[in-house]
Amino acid sequence: MPAAHASGPSIAEPPAINLARHAVLALDLGTTTGWALRSQDGGITSGTVTFRPSRFEGGGMRYLRFRSWLGELAALAGGLTRIAFEEVRSHAGTDAAHLYGGFLAHLSAWCEEHDVPYEGVPVGTIKRYATGKGNADKAKMIAAIQARGFRPADDNEADAIALLLWATEPTGGRA
């Protein structure tokens, strides 16, 4: 067929991309994971999700559900451009350390697989940003986040919100 008579799909202009806002997710990893998401429109949504296995599941199911949840959240957000997570260096016990390590392994693998940059932020940095004190207790963290107009359900959600603000506010730790 001569090129003059060929037809192909119409070429449309690519959609405009607003580079001022990116979807950023902040996580306080654990069996009860606190999360906070700044969407592309700048709105912040937060909550907690529990990955405790039922009595009929193996221990690995929590991690499979965690990976699935990350994928769903990324899809609902229209993609994630960055994930910040609370980097814990000391745990109350061996089980807590093992669980955290499992969540961190699956988070980092998911991020690598989906080309999403990820960053661990020390607990003291988050607490210092939110309260002015690097060793603030749970109640002070919740109060500091409430003072900013949020209503966290627990300390996990409060930590995630504080981390998100640290990671995204121009006057915070990162812009």
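Which elements do the buried residues of helix 3 pack against? I opened the notebook with this question, keeping in mind that the model is predicted.

**Entry 1: helix 3 and its surroundings**

I looked up the buried residues of helix 3 and found Gly124, Ile126, Lys127, Tyr129 and Ala130. These buried residues pack against strand 4 (82-87), strand 5, helix 4 and helix 5, which answers the opening question. Just past the end of helix 3, I noted that Gly132 takes a positive phi of about 85°.

**Entry 2: the chain as a whole**

I then stepped back to the overall layout, and I counted 5 helices and 5 strands in the protein chain. Reading along the sequence, I wrote the order down as β-β-β-α-β-α-β-α-α-α. Of the 175 residues, 39% count as buried. I also looked up how far along the sequence the contacts reach: among those between residues at least 6 apart in sequence, 56% join residues at least 24 apart.

**Entry 3: helix 5 and its two partners**

For helix 3 (residues 123-131) and helix 5, the axes come within 9 Å and cross at roughly 85°. With the range for roughly perpendicular running from 65 to 115 degrees, helix 3 and helix 5 are therefore roughly perpendicular to each other. On the helix 3 side I listed Thr125, Ile126, Tyr129 and Ala130, which meet Asp159, Ala162, Leu163, Leu165 and Trp166 of helix 5. Sorted by class, the residues of this contact are 7 nonpolar, 1 polar and 1 charged.

For helix 4 (residues 138-147) and helix 5 (residues 155-168), I found a packing angle of about 55°, with the axes 9 Å apart. Helix 4 and helix 5 are therefore oblique to each other, and helix 4 passes helix 5 in a left-handed crossing. Lys138, Met141, Ile142 and Ile145 of helix 4 make this contact with Asp155, Ala158, Asp159, Ile161 and Ala162 of helix 5. By class I noted 6 nonpolar and 3 charged residues, with no polar ones, in the contact of helix 4 with helix 5.

Setting aside neighbours within four places in sequence, I found Asp155 in contact with Asp28, Lys138 and Ile142.

**Entry 4: aromatic pairs around Phe51**

How many aromatic pairs does a search of the whole structure find? The search returned 7 aromatic pairs, and I followed two that share Phe51.

In one of them, Phe51 and Phe66 are edge-to-face, at 5.5 Å centre to centre and with 90° between the planes. This pair links distant parts of the chain, since Phe51 sits in the loop between strand 3 (44-50) and helix 1 (61-76), while Phe66 sits in helix 1, 15 residues apart. Phe51 is buried, with a relative accessible area of 2%, and Phe66 is buried at 0%.

In the other, Phe51 and Phe103 form a tilted pair, at 5.9 Å centre to centre and with 50° between the planes. Here the partner Phe103 lies in helix 2 (residues 94-113), 52 residues apart from Phe51. Phe103 is buried, as is Phe51.

**Entry 5: Thr33**

Apart from neighbours within four places in sequence, Thr33 is in contact with Leu27, Asp28, Gly47, Thr48, Val49 and Phe51. I also looked up the separation of Thr33 and Thr50, which are 17 residues apart in sequence and 6.2 Å apart in space, C-alpha to C-alpha.

**Entry 6: the backbone at Asp115**

Most residues other than glycine have a negative phi. Against that background I noted Asp115, whose phi is near 55°, a positive value in a residue other than glycine. Asp115 is found in the loop between helix 2 and strand 5 (118-122), and at 70% relative accessibility Asp115 counts as exposed.

Methods: Residues are numbered from 1 along each chain as its sequence is written. This is a predicted model: local features need pLDDT of at least 70, side-chain atom pairs count only at pLDDT 80 or more; totals for chains, interfaces and linings use all residues. Side-chain values use heavy atoms; hydrogens and water are left out. Axes are lines fitted to C-alpha atoms, for helices over the stretch in contact, and angles run from 0 to 180 degrees between N-to-C directions. Helices (H or I, at least four residues) and strands (E, at least two) are DSSP runs, numbered from the N terminus. Angles under 35 degrees count as roughly parallel, over 145 as roughly antiparallel, 65 to 115 as roughly perpendicular and the rest as oblique. A crossing is left-handed if the near helix is turned anticlockwise from the far one by less than a right angle, and right-handed if clockwise. Contact means heavy atoms within 4.5 Å. Ala, Val, Leu, Ile, Met, Phe, Trp, Tyr, Cys and Pro count as nonpolar, Asp, Glu, Lys and Arg as charged, and the others, Gly among them, as polar. Rings of Phe, Tyr and Trp (its six-membered ring) pair if their centres lie within 6.5 Å; planes under 30 degrees apart count as stacked, over 60 as edge-to-face and the rest as tilted. Buried means under 20% relative accessible area, exposed over 50%, partly exposed in between (1.4 Å probe, protein chains only).
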